[in-house]
Amino acid sequence: MSDTLTGRIVSGARQAAFFTQLDWVQEQCEEKLGFKPYPGTLNLEIAESDTAKLNSLRGIDSLALVPPDPQFCCARTFPVNIKGVMGAIIIPAENVRIHARHIIEIISPVCLKETLGLHDGDVVEITISK
C-alpha cells in the first residue's frame, strides 16, 4: 500500500548530520532501509490538505531505529520515493522533536537538494510505502 504527501522544502535546524552519521544509525538504515544516509535531511512542510494523512502515519507500525545507548532517542521510519530516489521519513521520539508536527525530515543515500535540483520553497510530492 502506498500514499502520497505534498510538501514545501524548508530549511532545517542543521542538526541532522550528526544523527545520520552515527554508526548505529548508518548500520540500521542500511539493514532496514537498504541504504546508508547522506549526512543531513530534507525538510518538508506538509501541505494542510495532507495533514490528516501525515497524522495517520503516527498510528501505523513502522521500521524503528533503536539506539544501543539509551542516551540517544529512538526514531520511526517510513520508506519513501521522492522523484525516483529512495529515502525515508524519520519521525523522532516526541520528547526530542525540534520541528513542528507538520514538518517532516527525509533521509536518503544522496543529497536530495543537489541530486534533484531542489531549493527551499520548491513543492514536491513523496510516495510513502506502508
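**Stop 1: strand E6**

Begin by selecting E6, a strand covered on both faces: Ile103, Glu105 and Ile107 on one side, and Ile104 and Ile106 on the other, are all buried. Buried here means under 20% relative accessible area, exposed means over 50%, and partly exposed lies in between (1.4 Å probe, protein chains only). Strands (E, at least two residues) and helices (H or I, at least four) are DSSP runs numbered from the N terminus. Because five of the five residues of E6 are buried, the strand is largely enclosed by the rest of the structure.

This is a predicted model, in which local features need pLDDT of at least 70 and side-chain atom pairs count only at pLDDT 80 or more, while totals for chains, interfaces and linings use all residues. Residues are numbered from 1 along each chain as its sequence is written, and side-chain values use heavy atoms, with hydrogens and water left out.

**Stop 2: the partners of E6**

E2 and E6 run antiparallel and are joined by four bridges; two strands pair if DSSP finds at least two bridges between them. Asn43 stands opposite Glu105 in E6.

**Stop 3: the E4–E5 hairpin**

Val80 has Gly87 in E5 as its bridge partner. The two strands form a hairpin with two residues between them, and Lys83 in the turn has a positive phi of about 55°.

Which strand holds Thr77? Thr77 lies in E4, residues 75–82. Its relative accessible area of 1% is why Thr77 counts as buried. Leaving aside neighbours within four places in sequence, Thr77 is in contact (heavy atoms within 4.5 Å) with Leu33, Ser62, Leu63, Leu65, Ala88, Ile89 and Ile90.

**Stop 4: the nonpolar cores**

A nonpolar core is a set of buried Ala, Val, Leu, Ile, Met, Phe, Trp, Tyr and Cys residues joined through side-chain atoms within 4.5 Å. The largest one has 20 residues, and those with the most contacts inside it are Leu5, Leu44, Ile89, Ile104, Ile106 and Ile126. Elements giving two or more residues to this core include strand E1 (2–10), helix H3 (51–57) and strand E7 (123–129). A second, separate core of 12 residues includes Val25, Cys29, Leu33 and Ile107.

Centre the view on Leu5. Not counting residues up to four places away in sequence, Leu5 touches, among others, Ile46, Leu54, Leu57, Ile89, Ile104 and Ile126.

**Stop 5: helix H2 and the cysteines**

Select H2, residues 23–33, where Trp24, Val25, Gln26, Gln28, Cys29 and Leu33 are buried. Just after H2, Gly34 takes a positive phi of about 90°.

Finally, display Cys29 and Cys111. Cys29 counts as buried because its relative accessibility is 0%, and Cys111 counts as buried at 16%. How many disulfides are there? With a disulfide taken as a pair of cysteine sulfur atoms within 2.5 Å, the count comes to zero.
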